Amino acid sequence: MATALSSMMLHTPVSSKCANYMPAGVAYSRSSCGSKAFPTHISIASKNLKGASPSSALGFFCGEDYTLLEGHGKPSLPRKVNSNQSSPKGQVRAAAYNIAVLGAAGGIGQPLSLLLKMSPLVASLNLYDIANVKGVAADLSHCNTPAQVSAFTGFAELPDSLKNVDLIIIPAGVPRKPGMTRDDLFKINAGIVRTLVEAAAEHAPNAWINIISNPVNSTVPIAAEVLKQKGVYNPRKLFGVTTLDVVRANTFVAQKKNLRLIDVDVPVLGGHAGITILPLLSKTRPAVEFSPEEIEELTVRIQNGGTEVVEAKAGAGSATLSMAYAAARFAESCIRALDGDESVYECSFVQSENFLFLHHE
Ligand SMILES: NC(=O)c1ccc[n+]([C@@H]2O[C@H](COP(=O)([O-])OP(=O)(O)OC[C@H]3O[C@@H](n4cnc5c(N)ncnc54)[C@H](O)[C@@H]3O)[C@@H](O)[C@H]2O)c1
Ligand SMILES: O=C(O)C[C@H](O)C(=O)O
């Protein structure tokens with residue numbers, strides 16, 4: 001029997017009723033919990049957003065530029081391969097943006113902070129963690145790149161870490177161990193994200209927020225609810241970071257097809273959970289032919305990339321370095337979009353009214 005399986009995640013009110021409603025890969029319907037959806041692909045295309053009002057901040061093409069049903073959607077927008085690499089305008093202002101990393105002392109937080117410190121676009125880098133982040137900040141601050149690094153430790157210093165920031169990146173939370181699903185992290189990470197986003201709403205209501213903490217398809221809707229309660233929700237500024245799925249897809253496809261890594265771009269839909277991670281292999285750039293066996297093999301590997309790393313680390317955590325790379329790429333795309341670069345596109349987990357439905361037997 002055909003089952004309607006949305007590639008987009010449902011809006012999750014912060015309530016116990018809905019807390020476990022979206023285990024990865026389970027079919028669900030729009031009406032089962034909440035009324036809005038979080039689809040998983042966006043194109044960021046921005047006007048100059050510095051100081052823009054929330055409603056005019058971004059022009060997104062939420063899910064419209066890729067269709068899951070060939071021939072039924074709008075034609076793809078022209079897109080550059082790995083478009084985060086360079087700007088056609090090449091005019092991003094140097095060191096103009098302030099970033100806060102919440103959870104900066106962690107496995108992702110540290111290498112991510114290093115990558116952000118290397119960016120010439122970043123003016124200040126506020127590192128916040130409940131663990132002592134002073135050492136990380138002291139260490140990073142010796143790199144002779146423009147970003148000014150500051151440390152903020154503990155809840156009392158959270159407000160200061162958020163002052164005047166343009167972009168907040170949240171990798172705070174526990175990672176999984178072998179045998180766990182990302183949903184098993186929900187109880188702890190939901191509370192962490194809620195607390196951090198409450199502070200963001202109060203102290204940086206206009207900042208863009210990138211959420212890395214798992215399970216992304218729950219933590220992002222939770223963040224949305226918090227922002228709504230605080231009256232500062234703008235769906236165009238809240239992103240679930242699913243870039244690691246894209247990074248993995250690009251790598252695995254390039255390896256399989258013997259292509260140059262830098263040339264390959266595979267859009268990936270999904271809320272970063274199990275079989276809802278949906279690589280759009282037919283949209284691979286450059287155009288490539290895949291056999292059904294290759295599609296099956298690549299899809300399964302991309303969907304299980306996280307587990308591959310969790311098992312290889314054997315209890316020492318989950319992906320940190322590739323995630324830091326992916327998050328830095330997404331952050332740079334956000335900065336470029338903030339700076340008015342209209343060529344930027346990235347896949348992400350965002351709210352949208354555009355539903356795409358897959359039918360599978
Ligand atoms: N979106 C993705 O693609 C993706 C990829 C990899 C990992 N993750 C997720 O990212 C999260 C972090 O992973 P990690 O490997 O860096 O974990 P980690 O344990 O190494 O680091 C987490 C950091 O968060 C900090 N922290 C905990 N509670 C906090 C709070 N209330 N406020 C501020 N900081 C707090 C910890 O002190 C620690 O430094 C996990 O939930 C993991 O599942 C997501
Ligand atoms: O798999 C995990 O738990 C971490 C992360 O979501 C990943 O995809 O590597």
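**Exercise 1.** Determine the handedness of the crossing of helix 6 and helix 7 and describe the packing.

The crossing is right-handed, the near helix being turned clockwise from the far one by less than a right angle. Helices here are DSSP runs (H or I, at least four residues) and strands likewise (E, at least two), numbered from the N terminus. Next, helix 6 (residues 243–257) and helix 7 (residues 292–303) pack at about 145°, with axes 10 Å apart; axes are lines fitted to C-alpha atoms over the stretch in contact, and angles run from 0 to 180 degrees between N-to-C directions. Contact (heavy atoms within 4.5 Å) involves, among others, Phe252 and Val253 of helix 6 and Leu298 and Ile302 of helix 7.

The model is predicted: local features need pLDDT of at least 70, side-chain atom pairs count only at pLDDT 80 or more, and totals for chains, interfaces and linings use all residues. Residues are numbered from 1 along each chain as its sequence is written, chains are lettered from A and ligands numbered from 1 in the order written, and side-chain values use heavy atoms, without hydrogens and water.

**Exercise 2.** Identify which side chains approach oxygen atoms of ligand 2.

Polar contacts are pairs of N or O atoms within 3.5 Å. Arginine 176 comes to 2.4 Å, histidine 272 to 2.5 Å and arginine 248 to 2.6 Å.

Definitions and conventions. A polar contact is a pair of N or O atoms within 3.5 Å; within protein, one must be able to donate a hydrogen and the other to accept it, and residues adjacent in sequence count only if both atoms are side-chain atoms.
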